[in-house]
Amino acid sequence: MPTGRTAPESQRWKALLFISIAQLMVVLDGAVMNIALPSAQQALHFTDGSRQWVVTSYGLAFGGLLLVGGRIGDMVGRKRTFLIALAGFAIASAIGGLAVNAAMLLLARALQGVFAALLAPAALSLLSLSFTQPRERAKAFGVFSAVSIAGGAVGLIVGGLLTQYLNWRFAMFVLVPIAVIGILGASRTVHDDGERHRARLDLPGVLLASSGLVGLVYGFGVAESHGWSAGVTIGSFTAGVVLLATFVVVQARVASPLLPLRVLTERNRAAAYLSVGLAIVSMFGMFLLLSYYFQQVKGWSPVMAGLAFMPMAVPQAIGATQIGARLAHRIAPRPIMVGGYLVTAVGLVLLASLNADSSFPEIAFAEAVIGLGIGTAFMPAMSMSTHGVEPKDAGVASAMISSSQQVGGSIGTALLNTIATSSAATYLVAHGGPAAQAQERNEALMHGYSVAYWVAVAFVVAAAVVSVAMVNAGAPKHVPAPTDALGDVTPVPVH
């Protein structure tokens with residue numbers, strides 16, 4: 001005979017499914033568009049110089065508005081924000097699929113970024129507030145982390161299939177039914193019982209934070225095409241840093257800050273934000289370079305290139321749900337995070353040792369090591385992002401981990417691609433010159449990739465060092481709860 005507690009428990013796990021579907025949609029969006037972009041450019045006739053803005057417009061809106069999105073969720077309700085964001089994302093995706101020119105596609109991508117900035121922190125907040133018991137929380141964040149990490153690789157596969165066998169527009173259209181499923185499911189299963197932030201929105205903080213984040217993301221976006229020493233790059237970085245520094249000063253003085261500094265001063269949360277940001281630099285850059293390696297050096301089709309990421313995607317899910325989640329409710333998070341990051345570094349070293357003739361089993365083994373390591377590390381890191389936070393600040397704390405991922409991804413894409421390109425060019429000048437044959441060009445590309453992968457290793461090791469130095473949360477503890485007449489036992493966490 002079921003008890004009154006059974007239904008709410010099953011509702012939470014159903015809610016997790018639809019929250020994860022929404023997270024998958026956000027992650028898929030960037031990946032599928034990367035694969036579909038060459039076909040979209042050809043169909044809509046926009047230039048090489050403007051094509052980067054199809055990616056950057058999304059990143060600017062997403063990264064620039066994340067803190068605002070998190071605080072709006074705290075103020076008006078996370079479930080309401082979650083559902084509105086899903087609907088908006090679906091509409092923006094449909095507009096993108098129907099685009100008749102580059103301007104319409106750019107508008108759609110920017111709108112997707114706006115609604116993603118509302119959706120991502122709301123999803124993580126709902127998850128954090130729904131699962132508070134250590135064992136359940138570990139499982140829930142394991143699933144959520146697996147979706148977040150593996151979604152990028154799955155998106156490359158989906159993007160390749162849709163682009164090659166249907167049309168680039170379906171890279172946009174495919175997101176609409178996913179959003180609709182999320183809305184229908186979440187409206188019945190997701191509940192928001194967390195305390196709301198009742199104060200008025202901090203408008204000066206909104207302007208400073210959004211402008212500062214946009215400045216940083218824009219700087220890394222233009223660095224890829226204009227160079228690191230270009231005036232527009234340096235100007236964007238300078239403006240971003242000054243605006244964000246001013247933002248911190250203002251937040252310390254206003255009565256109702258957009259980002260209460262108490263969210264950042266707790267060392268475990270700060271470690272989660274910083275370590276994830278450092279690791280994402282490596283992961284996003286590595287995804288981009290592997291995609292080029294598969295298609296330019298190996299000569300594989302978009303579908304084959306997408307499928308070649310599967311040896312990474314599956315171990316990521318295993319690392320998050322079977323290793324990270326199982327360990328997280330038994331031991332402290334620090335050894336899990338440190339071990340996961342160091343295993344990831346080993347996988348990146350294996351990638352750096354590849355050459356143009358490396359076999360697929362060699363490539364797959366390196367990918368599997370990376371996937372297993374990063375999946376294991378990110379599970380406790382994602383959970384730590386809301387460690388000990390007050391319920392009224394859950395949205396903005398969740399937005400911080402998303403900001404770390406977005407800014408880290410922008411840095412990784414620009415930095416590692418620039419390093420790989422410049423290293424390859426230098427190698428080509430020294431070994432082949434203008435008359436270089438295909439073999440020399442491939443060797444130059446592999447040299448550039450190797451140098452970039454070693455830089456990626458440094459960032460992941462830095463994430464491990466941050467975890468060693470800053471994470472001090474203990475292992476979760478439980479005391480047995482009284483057994484009721486029907487034999488149900490509810491674990492009670494001890495904080």
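**Close-up 1. Buried residues of helix α9 in the predicted model.** T233, S236, F237, G240, F247 and Q251 are the buried positions of α9 in this predicted structure. Viewed along the axis of α9, the buried residues lie within an arc of 95 degrees, so they line one face of the helix. An α-helix has 3.6 residues a turn, so residues three or four places apart point the same way. Helix α9 spans residues 231-251, 21 residues in total. From its first C-alpha to its last, α9 reaches 30 Å, which is close to the 30 Å expected at 1.5 Å a residue.

**Close-up 2. The crossing of helices α3 and α7.** Helix α3 (residues 78-97) and helix α7 (residues 175-189) have axes that come within 8 Å and cross at roughly 160 degrees. Because angles over 145 degrees count as roughly antiparallel, α3 is roughly antiparallel to α7. The crossing of the two helices is left-handed.

**Close-up 3. Residues that meet between α3 and α7.** On the α3 side, the residues involved are K79, F82, L83, L86, A87, F89, A90, S93 and A94. Their counterparts in α7 are L175, V176, A179, G182, I183, A186 and S187.

Close-up 4. When neighbours within four places in sequence are left aside, S57 is in contact with L106, R109 and A110.

Methods:
Residues numbered from 1 in each chain as written. Predicted model: local features only at pLDDT ≥ 70, side-chain atom pairs only at ≥ 80, totals over all residues. Heavy atoms only, no water. Helix = DSSP H or I, 4+ residues; strand = E, 2+ residues; numbered from the N terminus. Expected span 1.5 Å × (residues − 1). Buried < 20%, exposed > 50% of the residue type's maximum accessible area, 1.4 Å probe, protein only. Arc of directions from axis to C-beta. Axes fitted to C-alpha atoms, helices over the stretch in contact; angles between N-to-C directions. Parallel < 35°, antiparallel > 145°, perpendicular 65-115°, else oblique. Left-handed = near helix turned anticlockwise from the far one by under 90°. Contact = heavy atoms within 4.5 Å.
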